[in-house]
Each structure stands twice: as C-alpha cells, then as structure tokens.
Amino acid sequence: MDWPAFFSYVLLNCITPGPNNMICLSSAAQHGFAQSLRYIAGVFAGSIMIGLLTGGFTSLLYDVLPAAERWLLALGAAYILYLAWGVWRSQPREGGAPVKKRGVLSGVMMQFVNVKGILFSVTAMASYVLPNWSGPLAIALCSAIIACCCVVCCGVWALGGAALVGAYRKHARLISGVMALALVWCALSLLLVL
C-alpha cells in the first residue's frame, strides 16, 4: 500500500472545512475547548463505525453508488444548508441561560449523515486499502487511522474556536455569518458535482 499517498489523502480530507470541523469551531467558540471534547469523542467513535461499515460493504456500495450518488450529494447538501441556517441563527446566550451542548451521541450520529465523511471513507477504502491490503485487520487499522486523524483535525478547529471566544461574544453575528457562508460554500460545492 502507498502509505504516504494514503496519509496525505486522509489528512487533506480531515483538515478541510466540513460539518465536523465547523461544529467543533462553533462549539469551542461558544462553550470552550473542553466542552467540544465530548463531541470530538463522538466523532472518533462514529468515524470508526463508518470506516468499518464502508470497508466491509465497499463492493456492494460500488454496485449501488453510481445510482445513489446524486441522491446522497443532494441530501448532504440539504443537510449542510440546514446546518448553515442553524449557525446563522445561533447567538451567544447571556447570563445563566441554559445552552444546548453537543455531546458524544451527537458526534456519533453526525457521522451517519455526513456525506463528505462517508464518501471520503468509501474512497479511501476503495482506492488505497482494499486493492492493496484486504481483510478485517486492514479495514480496522485504516478505520482507526482515519478516526485518529479526524480527532486531531477536529481538535485543531476546536482550538481555533476556543481562541475566538472573546471575539465570538463581541462579534457573534459576523462570525456566525462567516461560518454559515463557509457551510453554504460546502453545500454548493456538492451541488455543483450533480
């Protein structure tokens, strides 16, 4: 297996903006870095699950994916636009008002609707892992590598969000607008593929 190509593909896909990274940035900006760790733990668990599922069913997905790809892209774009709307509407809460925080289960569930992550995992398994190194151990090891890289990259985005706490409280509307526009850009890039 071409490990340098695999690692660079994984790193580039994990560090670029997407739903997980935007949620980590927003969560840390609103609630602090420590609170975002629960969501990141869910991203780790969900990424491993998605990696195992996509690795196990890649041959079946290749039979179904050409017909389903357009629907998955449209569904993913719609969901990302929904996230953008939520980010745009979000405002920091004043005083002691309760704030909805994203936890482990939220991080796990996001992986099952994160079209970018699912297609990334299918591509990694089909292009790098299974043609060169098959079997349950290969799938499990590469799923763990992908999940670890996702955790590190989400942590980087969360640290960026934590650094923005003061700025977020002062310029919440502007920052929410920029994050929402970044999500809209992600959705449009999916729609342009259709």
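Contact, as the word is used in these legends, means that heavy atoms lie within 4.5 Å. This is a predicted model, in which local features need pLDDT of at least 70 and side-chain atom pairs count only at pLDDT 80 or more, whereas totals for chains, interfaces and linings use all residues. Residues are numbered from 1 along each chain as its sequence is written, and side-chain values use heavy atoms, with hydrogens and water left out.

View 1. Helices (H or I, at least four residues) and strands (E, at least two) are DSSP runs, numbered from the N terminus. Of the 194 residues, 41% count as buried, where buried means under 20% relative accessible area, exposed over 50%, and partly exposed in between (1.4 Å probe, protein chains only).

**View 2. Valine 10 and the largest nonpolar core.** Valine 10 touches Phe120, Ile146 and Cys149, residues up to four places away in sequence not being counted. A nonpolar core is a set of buried Ala, Val, Leu, Ile, Met, Phe, Trp, Tyr and Cys residues joined through side-chain atoms within 4.5 Å. The largest such core has 34 residues, of which Phe6, Val10, Cys14, Phe120 and Ile146 touch the most other members. Helix 7 gives the most to this core, with 10 residues.

**View 3. The packing of helix 1 against helix 6.** The two helices pack at an angle of about 175°, with their axes 11 Å apart; axes are lines fitted to C-alpha atoms, for helices over the stretch in contact, and angles run from 0 to 180 degrees between N-to-C directions. Helix 1 and helix 6 are therefore roughly antiparallel to each other, since angles under 35 degrees count as roughly parallel, over 145 as roughly antiparallel, 65 to 115 as roughly perpendicular and the rest as oblique. From helix 1, Ala5, Phe6, Tyr9, Val10, Asn13 and Cys14 meet Lys116, Phe120, Thr123, Ala124, Tyr128 and Val129 of helix 6.

**View 4. Asparagine 21 in helix 2.** Asparagine 21 counts as buried because its relative accessibility is 4%. Leaving aside neighbours within four places in sequence, asparagine 21 is in contact with Cys14, Ile15, Thr16, Cys153, Cys154 and Trp157.

**View 5. The buried residues of helix 5.** In this helix, which covers residues 104–113, Gly107, Val108, Met110 and Gln111 are buried. Seen down the axis of helix 5, these buried residues fall within an arc of 155°, so they line one face of the helix; the arc is that of the directions from the helix axis to the C-beta atoms.
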